[in-house]
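Here's a quick tour of a protein model for you to follow along with. Keep the picture open while you read, and take the points one at a time.

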Amino acid sequence: MTMNRIGLKLGAVFIALIIVILLSLGIAVDRLFTNFYNEQMRSDTREIAAHFAAMAESNDTFSQSMIRAFAEFSEVRVFWLSADGKVQTLSGKSHPDRSWIKADATRRLLSGHPAEYQASDAQGHHFYVVGQPLKTSQRTRPAIYIVSSMKKIDASLQRLRNLLILSGLGAFLLALGMILIMSKLLSRPLLDMQKMTEKMAQGDWDVRLRIGSNDEIGRLGHSINGLAASLQRYRDTRRAFFSNISHELRTPITYLQGYAKVLSDGFVDSDKEKKQYLSIIYQESVRLEHLIRDLFDLAKMEEGQTTLVREWLDLKEVIQTAIQKVKLKAEKKRLSLQTNLHDPIPFIRGDRKRMEQVLLNLLDNAIRYTEKGNILVQLTRKKEGIVLSVSDTGIGIPKDEVPYIFDRFYRVEKSRAREYGGTGLGLSIVKKYVERQGGKVQVDSEPGRGTTFRLIFPYEEKQGQDGTKS
Amino acid sequence: MKKMDWFFSLFLIIIGLTCLFFSADAFGHESFLTFGITFFKVCMWTACPVILFVILYIWFVYRRK
């Protein structure tokens with residue numbers, strides 16, 4: 001029999017409650033029966049005393065023998081109280097046991113008032129005593145005492161008390177058995193949760209609770225399961241992240257080491273070859289720098305350390321600036337960079353620097369994955385908000401890969417990743433910055449036809465759709 | 001709950017009920033027959049509301065579905 005601590009506490013509280021209730025009830029029932037029997041005794045003895053007093057007042061020998069017979073029949077003892085305060089038996093002898101006689105009762109009787117009280121003798125027997133003054137001309141015996149033994153009542157009460165104790169014990173054992181079951185059943189889900197959280201603390205996040213109820217404990221169980229799932233997801237993502245980051249960092253470093261070694265060992269035939277190797281080292285170092293910068297940005301964003309400087313932004317201006325920056329790249333690949341910014345667009349609240357970075361990342365990607373055709377940047381007003389779209393006529397993204405393109409280090413063309421360049425973090429940064437500025441990102445793509453990224457920003461509340469600030 | 005827990009709890013419940021029925025049948029009715037009759041009466045009084053509650057619960061669940 002094992003008893004867990006919460007079960008023990010619950011059980012102890014219930015048992016304490018049961019004990020308090022049973023004790024109070026027992027005392028109340030005991031008093032009730034004692035008082036009932038005492039009252040019954042008092043009433044009967046008073047009645048007998050009244051009858052005996054009436055008989056004694058006639059003061060003839062027949063009455064005395066009647067009193068004796070009735071006393072025997074009623075199981076009471078009758079005593080005369082003489083005018084000098086002495087108690088005598090019916091036959092006129094002095095009564096040897098005077099332990100039940102009270103002086104104040106005798107005084108009351110001699111002054112003509114009735115008296116009644118409970119008394120006990122040297123052996124511990126209880127009596128109910130009623131003293132009744134007699135209305136008679138004879139002054140030698142002015143009152144009688146009726147002494148009724150409480151032996152039977154005491155025995156009955158004692159038996160009743162024993163039975164009460166037995167029923168109390170029975171009720172206590174019954175409650176104890178039920179409390180044991182109840183505290184076990186009530187504390188089991190909590191113990192399961194405690195065991196599960198202990199396992200989670202030790203790094204086992206695959207465990208799940210079986211939840212059978214929908215109350216507060218059930219909801220707590222759901223929350224713990226949700227927490228375990230989140231932690232598991234976090235661990236898996238972190239593992240993938242570290243695996244990717246080590247791979248992504250190792251590749252350019254390997255290039256740098258290899259070409260630097262070739263150059264330092266003098267294994268070059270011509271200046272042209274040397275320049276080529278130096279160019280590769282430069283490109284790889286730039287790539288490494290971009291990777292570290294992007295990683296730093298992402299890490300800061302995920303830790304919530306990036307503070308956005310939000311201001312009223314003219315998106316057209318931001319687009320023009322970004323276009324200017326990537327124009328040269330596009331021209332090198334003979335790509336046509338077009339814009340459609342004719343709609344009157346209201347200002348939005350955003351961080352100029354981050355918004356420009358978002359746009360540069362999208363344009364960089366578009367240029368990187370487009371070999372011929374054009375890149376179109378459009379800014380339009382739609383019902384759902386301001387839509388900034390960047391479309392290209394590049395290689396496109398297969399449908400089954402679209403949900404993963406915003407994951408860190410995810411690449412559509414894995415085999416040609418080095419050829420295309422990039423860090424694999426650009427779209428993650430785009431998504432995070434856009435969402436932090438209240439927008440959302442949508443993608444439409446068709447392999448071989450091109451891709452369109454749409455950034456949708458809701459209209460600002462303080463600004464009407466006509467483009468004016470209020 | 002383990003079997004031992006169930007056994008211990010049921011043992012306490014049975015002892016408790018025996019004590020209660022014994023004291024209920026005291027004052028001249030201490031026989032196995034009266035004990036059995038009282039036990040049956042108590043069981044019936046307990047079973048009736050339980051059965052009623054179960055029927056209502058099943059009906060309520062069925063209505064909700």
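**A first look**

In β4(A), Gly131(A) is the bridge partner of Ala115(A). This is a predicted model, where local features need pLDDT of at least 70, side-chain atom pairs count only at pLDDT 80 or more, and totals for chains, interfaces and linings use all residues. Residues are numbered from 1 along each chain as its sequence is written, while chains are lettered from A and ligands numbered from 1 in the order in which they are written.

**Chain A overall**

- Chain A has 10 helices and 12 strands; helices (H or I, at least four residues) and strands (E, at least two) are DSSP runs, numbered from the N terminus.
- Of the 470 residues in chain A, 21% are buried (20 or more other C-beta atoms within 10 Å of a residue's own; 12 or fewer is exposed, in between is partly exposed, and C-beta atoms are placed from the backbone).
- Take the contacts in chain A between residues at least 6 apart in sequence: 64% of them join residues at least 24 apart. Two residues are in contact if their C-beta atoms, placed from the backbone, lie within 7 Å.

**Around strand β4**

- Strand β4 (residues 126-133) of chain A is mostly covered, with six of its eight residues buried.
- Strand β3 (residues 115-120) of chain A runs antiparallel to β4(A), and six bridges join them. Two strands pair if DSSP finds at least two bridges between them.
- Five residues sit between the strands in the hairpin of β3(A) and β4(A), and there Gly124(A) takes a positive phi near 90°.
- β4(A) also pairs with strand β5 (residues 143-149) of chain A, in the antiparallel sense and over seven bridges. Val129(A) stands opposite Val147(A) in β5(A).

**The five-stranded sheet**

- Five strands of chain A make an open sheet with mixed pairing, in the order β7-β9-β10-β12-β11.
- Its edge strands are β7 (336-340) and β11 (440-446) of chain A, each pairing on one side only.
- From one strand to the next, the twist averages 15°.
- Strands β10 (residues 386-392) and β12 (residues 450-457) of chain A run antiparallel, joined by six bridges. Val390(A) is opposite Phe453(A) in β12(A).
- Helix α8 (residues 352-368) of chain A packs on the sheet and touches β9, β10 and β12 of chain A, its direction making about 25° with that of β10(A).
- Helix α7 (residues 315-332) of chain A lies across β7, β9 (374-381) and β10 of chain A, running at about 180° to β9(A). Axes are lines fitted to C-alpha atoms, for helices over the stretch in contact, and angles run from 0 to 180 degrees between N-to-C directions.

**Where chains A and B meet**

- The contact takes 15 residues from chain A and 16 residues from chain B.
- On the side of chain A that touches chain B, 11 residues are nonpolar (Ala, Val, Leu, Ile, Met, Phe, Trp, Tyr, Cys and Pro), three polar (the others, Gly among them) and one charged (Asp, Glu, Lys and Arg).
- Helix α4 (residues 151-201) of chain A packs with helix α1 (residues 3-24) of chain B at an angle of about 155°, their axes 7 Å apart.
- α4(A) and α1(B) are therefore roughly antiparallel to each other (angles over 145 degrees; under 35 is roughly parallel, 65 to 115 roughly perpendicular and the rest oblique).
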